[in-house]
Amino acid sequence: MDFTNVPPLDLTVSLQILLGLCILHLVLKYGIFKNIAFTHSKAGVMAFETIAGVCVTYLTIQGFVGWFVDPTPIDKLYTPLPRAFEMSELMVAYQLYDLITMFIYKDLFTIAMLVHHILAGILALNGLYNFMHGTLEQDGCLPYRLELMFLPSNTSLSTYQPLWLTFDTLGYCYFFFGLIEVTNIPLTIIDIFKHYPDLIKQYPNTYTAIRNFFAISFILFRLIMWPIVSFEFWTATLTALSSGQIAKATRFGQPWLETTAAVTFLVANAGLTFLQCLWGKTIINGIYKQFFGRKTDKQTKTK
């Protein structure tokens, strides 16, 4: 496969999107939320949450379309996917916007999110080279291989439709930059409630329902599906490294740069996986407290 004609990295669109997000932020902050009594005190934060909500919703939709609708990419890692490329362009701009705003508004800053934005931004930059857009073929898909172990011996594989077929027909970019963002839609609403505590008092049931939906979506997409897709990605990348496929490619013009990009993806994925586990532990503890903590408190008071 010849990659010698691949154009150099072009950040023009990402920087244009970033400029647009910054301008929109100022318009929302000073044109709308500063003029509303309820949001006046944290107009900048509200502008950020609004833009974040729009971005993650768009990425989620693109991810779902790419995951379930777009045709199957054949190459494991290097298939150019226009939709995934556009998602990478937006992700670069969005992560830069997140970094800028979190240093302006202290309510948005945490070390964990700082690490997340940096790692996600690096992955998005590499994504602009079409690396990570492809996926494994069906025969190499771990969920598919596991499924075969439990099929009756007389099953015809030529006509069998595997339950895990979705995992071998989709680009990794559609999952990590798109589908996974579905959890950030309810999280954005939760953050708005937290920035304005009076909302929690006025709409306690709504707040609880959104928190529960977020917890369920996080467990499904980030604690269950994330490790599975990550394992598939590691398998594909390590296979490409060991077979020399990556070293022969010329995305960056030099084999060692190709290898560096691949290793960067693996290290970043490991770091992001750790963050998912860290956040997941907090969520599971919250669920336990919600269903068992109150009972314990009542028993304690009774005693």
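What pLDDT does the protein average, and what percentage of the residues score at least 70? In this predicted model, the protein averages a pLDDT of 80, and 72% of the residues score at least 70.

View 1. Of the 303 residues in the protein, 45% are buried.

View 2. Where pLDDT is low, the predicted coordinates should not be read in detail.

**View 3. The largest pocket holds about 1,100 Å³ of space.** A total of 38 residues line this pocket, and those closest to its centre are Met113, Leu187, Asp191, Lys194 and Phe214. Two or more lining residues come from each of helix H2 (43–68), helix H3 (82–104), helix H4 (111–127), helix H7 (184–195), helix H9 (204–243) and helix H11 (255–302). Of these elements, H11 gives the most to the lining of the largest pocket, with eight residues. When the residues of this lining are sorted by type, 17 are nonpolar, 13 are polar and eight are charged.

**View 4. The largest cavity has a volume of about 170 Å³.** It is one of two cavities of 30 Å³ or more that a search of the whole structure finds. The lining of the largest cavity is made of 17 residues, and those closest to its centre are Leu123, Phe176, Phe177, Trp226 and Leu272. Helices H3, H4, H9 and H11 each supply at least two residues of this lining, and H11 gives the most, with four residues. By type, the lining of the largest cavity divides into 11 nonpolar, four polar and two charged residues.

**View 5. Asp107 and Lys42 form a salt bridge.** The structure holds one salt bridge, in which the side chains of Asp107 and Lys42 meet at 3.2 Å, taken from N to O. This pair links distant parts of the chain, for Asp107 lies in the loop between H3 and H4, while Lys42 lies in the loop between helix H1 (12–31) and H2, and the two are 65 residues apart. Are these two partners buried, partly exposed or exposed? Asp107 counts as partly exposed because its relative accessibility is 39%, and Lys42 likewise counts as partly exposed because its relative accessibility is 26%.

**View 6. Val267 is a residue of helix H11.** Val267 has a relative accessible area of 55%, and it is therefore exposed. Although Val267 and Leu119 are 148 residues apart in sequence, their C-alpha atoms are 9.2 Å apart in space.

Terms used. Residues are numbered from 1 along each chain as its sequence is written. Side-chain values use heavy atoms; hydrogens and water are left out. pLDDT is the predictor's confidence in each residue, from 0 to 100. On a 1 Å grid over the protein atoms alone, a cavity is a set of points where a 1.4 Å probe fits but cannot get out, and a pocket is an open set with protein on both sides within 12 Å along at least five of seven lines; lining residues have an atom within 4 Å of a point. Grid points are joined across faces, edges and corners, and a volume is the space filled by probe spheres set on the points. Ala, Val, Leu, Ile, Met, Phe, Trp, Tyr, Cys and Pro count as nonpolar, Asp, Glu, Lys and Arg as charged, and the others, Gly among them, as polar. A salt bridge is a side-chain nitrogen of Lys or Arg within 4 Å of a carboxyl oxygen of Asp or Glu. Buried means under 20% relative accessible area, exposed over 50%, partly exposed in between (1.4 Å probe, protein chains only).
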